[in-house]
Amino acid sequence: MAIPSALVTLLIGMALTLAGLWIGHNVRLLPVDASANAPVYDALFEVLFSIGTILFLGIVGLLLYSLVRFRRRPGDSGDGQAIEGNLPLEIVWTAIPAVVVLFVGIYSYDIYERMGGMASFHDHSPHDQTAMAAMVHEASLTQQVSDDPDGQERIWGGIGQSNDSAAVLPVEVTAMQFAFIFHYPDSGITAGELHVPLGQSVQLRMEAKDVIHAFWVPQFRLKQDVIPGQPTLLTFTPTRVGTYPIVCAELCGPYHGGMRSNVVVHEPDGFDAWLQSNRPAQVAQAAAAPFS
Amino acid sequence: MTIANPAELEQSLQPQGWLKYFSFSLDHKVIGIQYLVCGFLFYFIGGALAGVIRTELASPLSDFVRRDTYNEVLTLHGTIMIFLWIVPVVNGAFGNYLIPFYVGARDMAFPRLNAVAFWLIPPAGILLISSYFIAGAASQSGWTAYPPLSLTTPAAGQIVWILSVLLLGGSSIFGGINFIATVLKLRRPGLKMMQLPMFCWAMLGTSILVVLSTPVLAGTLILLSFDIIAHTGFFNPALGGNVVVYQHLFWFYSHPAVYIMVLPAFGLVSEILPVHARKPLFGYTTMVYSIMAIVVLGLIVWAHHMFTSGTPPWMRLFFTIATSFIAVPTGIKFFNWLATLWGGKIALNSAVLFSCAFIFNFVFGGITGVALAQVPFDIHVHDTYFVVAHFHYIVYGGSVFVIFASLYHWYPKFTGRLLNEDLGRLHFLLTFIGFNLCFAPQHWLGLNGMPRRVAEYDPAFTTWNQVSSVGALLMAISTLPLVINVVLTAVSGPLAGDNPWRALTPEWLTTSPPPVENWAGEAPLVTEPYGYGEHTCAMDLGGLSGRDLWSSGKS
């Protein structure tokens with residue numbers, strides 16, 4: 001007795017789902033994660049990869065099966081069956097992608113919010129955030145307000161703060177053909193490499209001098225265009241000590257491919273040591289003066 | 001005494017034979033072939049440029065061409081492949097050749113406008129390519145020409161690029177108007193819209209996109225040229241301009257441009273599969289609605305190209321949702337094609353192999369596309385080789401594979417001769433392997449940190465770049481069997497007869513090649529273009545009750 005086709009279909013579907021989940025979980029395609037939002041990103045990647053694998057294997061399997069099973073035999077010049085459509089079937093395969101896409105959309109919205117993507121751009125000053133929150137929110141709704149009530153300049157895009165409890169290390173990033181320059185307003189240091197302490201939230205305020213560049217650290221899973229005339233923000237918390245590449249990801253001229261730098265994630269002690277050794281002379285003297 | 005008939009006079013002045021392909025011919029079939037051959041010539045040029053790119057990237061150093069030359073090469077590659085190869089071929093070549101047949105007309109609605117639209121293309125293409133030799137430097141700001149980079153690179157090359165794209169955009173708009181008028185107004189009396197072959201719907205949808213979005217690109221490029229020549233400040237931040245506005249305007253055209261390249265391909269596949277599977281096209285009505293849904297959604301997704309640009313959070317969210325939902329109508333089309341194949345009697349010839357490889361590639365590109373629509377995902381891989389891989393899976397794996405499928409399917413109609421199947425299958429195998437070898441590794445490269453449009457890269461990426469370059473070499477080699485096949489067949493191929501595929505669509509209900517006005521007599525009224533299939537004999541006996549068998553045997 002033949003196995004009912006519904007049962008076969010069910011079994012194939014289950015095998016396919018398990019295979020997709022297994023591949024999504026076990027095939028590693030991403031570089032190491034070195035920021036707080038990278039594991040969040042990797043979770044989203046795993047979901048998308050699993051769903052994609054299931055759909056791709058299913059569709060390609062169906063295609064190959066059809067090509068083999070329903071190939072035209074030599075000498076056969078007949079036609080196939082005259083099936084012009086099947087409304088319930090079409091409703092099913094409209095509904096499945098719609099549900100999947102809706103699920104993926106809501107899930108990635110959640111991920112985006114956890115990355116801090118929905119945070120307002122205007123509260124990048126660590127001072128009196130809560131007091132300003134309501135007003136800032138209204139300002140961000142109107143969008144065309146060029147200046148905040150407190151005189152801050154407009155931020156045009158990027159990832160804001162994911163949590164406002166930790167102290168934020170502000171860094172000013174200037175991109176130009178063909179280098180990034182990092183300026184630490186608190187300590188007055190200017191450097192060609194970005195040095196950050198492990199576990200502390202860092203906020204980059206970025207602007208370009210000449211053409212559009214993009215700041216990208218693959219291990220942080222973060223990228224933001226650096227635009228002339230339109231400051232942008234990027235907030236992240238490094239979670240793994242090491243040196244990672246900073247890559248310019250927007251075509252910016254002949255040496256675009258060579259526009260690279262490094263971000264060095266230090267242990268907090270190591271970062272303080274780096275700060276001390278690189279502090280400009282006069283600032284260091286001024287800081288040291290009260291103790292002498 | 002005879003009176004000179006204007007039609008006859010014009011007839012006599014038109015060159016005959018092969019010379020007509022170099023003339024200002026008004027025959028839609030001649031214009032279609034002109035588009036096709038011209039497109040293939042530019043494809044070979046664009047392919048050679050791709051070869052330069054892949055050779056440069058075979059090593060991590062910038063050691064093959066100069067850095068600014070590399071940027072010119074990648075700009076020309078993108079511009080040629082989009083504006084001079086895919087758009088003119090899927091729209092101009094197959095649209096012009098097939099649409100009048102499908103609506104039962106003897107020509108397009110505006111034959112002269114049609115000829116003008118074609119004859120804008122060769123000068124625009126030559127202008128674009130010659131800018132490298134004459135103007136001193138071709139455009140080197142990418143096919144996107146983002147300011148302020150495009151304002152700072154050598155001005156002459158950028159202006160020539162703008163002029164050339166404006167000419168090609170004009171050609172595209174003329175063609176779009178012509179297709180809309182032909183499909184809506186030139187249908188044979190008695191032929192209803194819902195009886196048209198699917199390619200007509202695809203061209204109608206495409207042409208709506210062309211007419212709505214191309215003028216926006218034209219306006220944007222004119223403003224950009226003002227910034228370059230007259231030093232205005234529309235997009236120049238030093239003069240108070242806004243560079244992100246350019247990106248919005250540019251992508252308002254250039255995202256629909258993806259559908260302008262892909263929707264006609266969807267239409268062509270819908271024509272090819274039923275003929276070779278000997279089955280009706282599955283779900284005609286939903287196919288029509290899904291084309292129109294793609295047209296509408298295609299107009300409101302452009303900012304997903306700008307997720308890392310200066311865009312506020314609400315905008316990122318809106319465009320994520322809108323983009324994701326394009327997967328729904330697109331998915332419907334793919335399931336319908338699979339259902340068309342299911343239970344058919346599929347001839348595994350070159351046309352079908354290329355069509356099925358199109359389904360394989362496009363599903364892959366579609367899945368990465370849905371992933372890219374998610375803002376958090378895109379923030380990591382935007383402007384990397386992941387995106388390069390994705391869009392080549394869409395425009396090469398999608399549109400170009402369909403162009404090849406269509407060539408094998410309609411070559412007997414164009415010439416009256418059948419292409420060689422062995423060479424065709426060799427062409428397919430080399431193209432399919434080469435393509436996947438070239439572009440699949442690029443997904444990994446992008447995820448792991450290789451940005452696009454670079455001449456030099458981290459040596460850690462060398463191996464997969466070399467694999468990709470080998471794939472590109474295979475793709476280059478794969479054009480040889482195609483060219484040999486087309487030339488040999490044109491000279492001495494086996495005669496095909498009028499209808500080698502036993503097809504039912506109107507272009508096959510005439511001689512091959514067809515006469516000047518398409519049919520010797522009246523145009524046939526084809527109300528069931530997909531009326532293949534056997535209604536009783538081929539029924540699955542296992543699924544029927546005894547009473548059905550009895551009644552079917554009685555009739």
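**Exercise 1. Determine how helix α4 and helix α5 of chain B are oriented to each other, and which residues meet.**

Step 1. Helix α4 (residues 111–119) of chain B packs against helix α5 (residues 121–130) of chain B at an angle of about 15°, and their axes are 4 Å apart. Axes are lines fitted to C-alpha atoms, for helices over the stretch in contact, with angles from 0 to 180 degrees between N-to-C directions. Helices are DSSP runs (H or I, at least four residues) numbered from the N terminus.

Step 2. Angles under 35 degrees count as roughly parallel and those over 145 as roughly antiparallel. The helices α4(B) and α5(B) are therefore roughly parallel to each other.

Step 3. Ala117(B), Phe118(B) and Trp119(B) of α4(B) meet Ile121(B), Pro122(B) and Pro123(B) of α5(B), where contact means heavy atoms within 4.5 Å. By class, this contact has 6 nonpolar, no polar and no charged residues. Ala, Val, Leu, Ile, Met, Phe, Trp, Tyr, Cys and Pro count as nonpolar, Asp, Glu, Lys and Arg as charged, and the others, Gly among them, as polar.

The model is predicted: local features need pLDDT of at least 70, side-chain atom pairs count only at pLDDT 80 or more, and totals for chains, interfaces and linings use all residues. Residues are numbered from 1 along each chain as its sequence is written, chains are lettered from A in the order in which they are written, and side-chain values use heavy atoms, without hydrogens and water.

**Exercise 2. Describe the packing of helix α3 of chain B on α5(B).**

Step 1. The axes of α3(B) (residues 67–103) and α5(B) come within 11 Å and cross at roughly 170°. That makes α3(B) roughly antiparallel to α5(B).

Step 2. From α3(B), Leu76(B), Thr79(B), Ile80(B), Leu84(B) and Pro88(B) meet Ile121(B), Gly125(B), Leu128(B) and Ile129(B) of α5(B). The classes here are 7 nonpolar, 2 polar and no charged residues.

**Exercise 3. Characterise the interface of chain B and chain A.**

Step 1. The contact takes 92 residues from chain B and 83 residues from chain A. The buried area (accessible area, 1.4 Å probe, that two parts lose on being put together, summed over both) is about 7,500 Å², of which carbon and sulfur atoms give 68%.

Step 2. Across the interface there are 3 salt bridges (a side-chain nitrogen of Lys or Arg within 4 Å of a carboxyl oxygen of Asp or Glu). One of them joins Arg278(B) and Asp79(A) (2.9 Å, N to O).

Step 3. On the side of chain B that touches chain A, there are 49 nonpolar, 28 polar and 15 charged residues.

Conventions: Helices (H or I, at least four residues) and strands (E, at least two) are DSSP runs, numbered from the N terminus. Angles under 35 degrees count as roughly parallel, over 145 as roughly antiparallel, 65 to 115 as roughly perpendicular and the rest as oblique.
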